[in-house]
Amino acid sequence: MKLVRIELYHVRMNLKDAFETSFGRKSELNHLIIKLYDESGAIGWGETASPSKPDYCPETLETCLHMQRDFLIPAILGKSFDTVEEFTGFYEWVRGNNFAKAGLEMAVWDLLAKSRGISLSKMLGGTRPYIESGVSLGIEPDINTLLSKIEKYLAEGYKRIKLKIKPGRDLTVLAEVRRHYPDVPLTADANSAYTLKDIAHLKQFDRFNLAMIEQPLAYDDIVDHALLQRELETPVCLDESIHSVENARHALELGSCRVINIKPGRVGGLLEARKIHDVCQQYDVPVWCGGMHEYGIGRAHNVALCSLPNFSMPGDVSGSDKYFEEDLTQPRVLAPNGRITVPTDNPGIGYEVNEETLKRHLAGTYNFT
Ligand SMILES: O=C(O)CCC(=O)c1ccccc1C(=O)O
Ligand SMILES: [Mg+2]
């Protein structure tokens with residue numbers, strides 16, 4: 001197939017509730033939605049879910065737009081290819097900028113799956129008919145707000161609770177949550193809020209029977225995490241530190257973690273995400289899919305990825321109603337009883353895009369022919 005037209009939509013939507021992590025609070029999202037056309041008029045959809053500020057990773061919406069407009073799109077527009085590998089080869093020379101690459105790459109997966117008449121899950125090699133969902137809960141100003149959110153999501157059937165933590169908002173919060181919910185599958189995500197100097201402090205987390213502690217140390221570290229993992233009973237899970245299959249392999253060799261959170265955006269797309277899934281399987285390390293508060297389009301891609309066999313733990317891919325009043329897909333991506341059905345009847349991502357809703361939340365459009 002040949003890419004003949006590319007449209008980028010800057011879509012802005014409010015979160016139902018502000019979301020706070022160790023690096024800040026956000027109440028609005030700005031993601032780039034990508035629409036690709038091939039010469040037959042077939043369409044593929046993708047989402048660049050980079051944060052707006054360089055707090056979680058070095059990219060922002062503006063750097064993604066710059067990379068796509070000035071380097072990636074000129075490298076792919078008008079080019080012919082038959083596989084995702086051939087497609088990514090066109091911009092192999094571009095270093096980093098994974099969120100910018102991922103939105104385009106994911107749209108190509110959708111386009112190729114549609115042209116082959118198969119679901120994205122099938123094209124990836126997925127095996128699960130449904131995925132199990134957990135929720136990621138932000139830091140709350142008071143414990144009762146947090147407890148009532150936990151109650152709500154457990155009542156909805158979500159399979160595990162992840163709490164954002166930071167120094168001063170950790171041990172007492174975890175103790176209180178454990179007092180109310182002694183057996184709930186529970187994890188904590190520090191988003192790099194600690195250093196090796198906190199080892200004694202972090203060892204105290206072992207008493208909470210957490211399924212894992214996510215990214216306790218620096219966003220670019222795998223060495224100190226290996227030292228920390230040796231001291232902790234709680235499994236360490238890496239998020240920010242893993243950008244590629246090579247760097248996942250290094251972390252597995254070093255023993256930096258016992259679990260990996262895979263986000264297609266963070267690793268440059270679904271091809272790299274699947275490679276990380278595969279290498280983790282070889283090392284007997286389970287993976288799960290994280291989230292960047294994706295709209296329905298990115299969320300649908302994440303659901304398909306989660307259908308691979310080694311996505312064996314509930315992830316952060318929740319129903320889109322957790323975050324948004326309305327969404328860009330028809331039907332919405334929802335998780336009744338904490339499960340999302342993997343669409344297999346329709347080709348590609350398996351959800352239609354509601355362009356009327358998309359246009360109502362538009363903050364910019366960029367067309368390339
Ligand atoms: O529900 C989601 O999409 C996951 C939310 C989340 O935890 C998160 C959101 C934005 C940036 C980083 C993270 C994270 O997993 O660290
Ligand atoms: Mg995380």
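**Figure 1. Lining of the second largest cavity in the predicted model****.** Thirteen residues line the second largest cavity, and those nearest its centre are Glu47, Ala49, Met106, Gly265 and Glu294. Strand E3 (43-48), H3 and H11 each give two or more residues to this lining (DSSP runs numbered from the N terminus: helices, H or I, of at least four residues; strands, E, of at least two). The largest share comes from H3, with four residues. Six of the lining residues are nonpolar, five polar and two charged (nonpolar: Ala, Val, Leu, Ile, Met, Phe, Trp, Tyr, Cys, Pro; charged: Asp, Glu, Lys, Arg; polar: the others, Gly among them). The space in the second largest cavity is about 90 Å³. Because domain 1 (3-117 + 352-368) and domain 2 (122-341) both contribute residues to its lining, the second largest cavity lies between them; the domain bounds come from an automatic or database assignment. In this predicted model, local features need pLDDT of at least 70 and side-chain atom pairs pLDDT 80 or more, whereas totals for chains, interfaces and linings use all residues. Residues are numbered from 1 along each chain as its sequence is written, chains are lettered from A and ligands numbered from 1 in the order written, and side-chain values use heavy atoms, without hydrogens or water.

**Figure 2. Lining of the largest cavity****.** Two cavities of 30 Å³ or more are counted (on a 1 Å grid over the protein atoms alone, a cavity is a set of points where a 1.4 Å probe fits but cannot get out; lining residues have an atom within 4 Å of a point). The largest cavity has a volume of about 120 Å³, a volume being the space filled by probe spheres set on points joined across faces, edges and corners. Fourteen residues line the largest cavity, and Asp17, Phe19, Lys149, Lys322 and Tyr323 lie nearest its centre. At least two lining residues come from each of E1, strand E5 (135-137) and helix H5 (143-155). E1 makes the greatest contribution, with five residues. By class, the lining of the largest cavity comprises six nonpolar, two polar and six charged residues. The largest cavity lies between domain 1 (3-117 + 352-368) and domain 2 (122-341), because both give residues to its lining.

**Figure 3. Lining of the largest pocket****.** The volume of the largest pocket is about 480 Å³. Among the 31 residues that line the largest pocket, Phe19, Phe23, Lys26, Met292 and His293 are the closest to its centre (a pocket is an open set of points with protein on both sides within 12 Å along at least five of seven lines). Strand E1 (3-21), strand E2 (24-38), strand E6 (161-164) and helix H11 (296-306) each provide at least two lining residues. E2 gives the most, with eight residues. The lining of the largest pocket contains eight nonpolar, 12 polar and 11 charged residues. Domain 1 (3-117 + 352-368) and domain 2 (122-341) both supply residues to this lining, so the largest pocket lies between them.

**Figure 4. Lining of the second largest pocket****.** The second largest pocket holds about 310 Å³ of space. Its lining consists of 18 residues, and the closest to the centre are Thr88, Tyr91, Lys101, Gly268 and Glu272. Helix H2 (84-89), helix H3 (98-116) and helix H10 (270-282) each contribute at least two residues to the lining of the second largest pocket. Four of the lining residues are nonpolar, eight polar and six charged. Domain 1 (3-117 + 352-368) and domain 2 (122-341) each provide at least three residues of this lining.

**Figure 5. Aromatic pairs Tyr56–Phe99 and Tyr295–Phe324****.** The model contains 10 aromatic pairs (Phe, Tyr or six-membered Trp rings with centres within 6.5 Å; planes under 30 degrees apart are stacked, over 60 edge-to-face, the rest tilted). The pair of Tyr56 and Phe99 is edge-to-face, because the ring centres are 6.5 Å apart and the planes stand at 75 degrees. This pair links distant parts of the chain, with Tyr56 in the loop between E3 and helix H1 (61-76) and Phe99 in helix H3, 43 residues apart. Both Tyr56 and Phe99 are buried (under 20% relative accessible area, with exposed over 50% and partly exposed in between; 1.4 Å probe, protein chains only). The rings of Tyr295 and Phe324 have centres 5.3 Å apart and planes at 65 degrees, so this pair is also edge-to-face. Tyr295, in the loop between strand E11 (287-289) and H11, and Phe324, in the loop between H11 and strand E12 (329-330), are 29 residues apart and link distant parts of the chain. Tyr295 and Phe324 are both buried. Ring pairs join Phe19, Tyr295, Tyr323 and Phe324 into a cluster.
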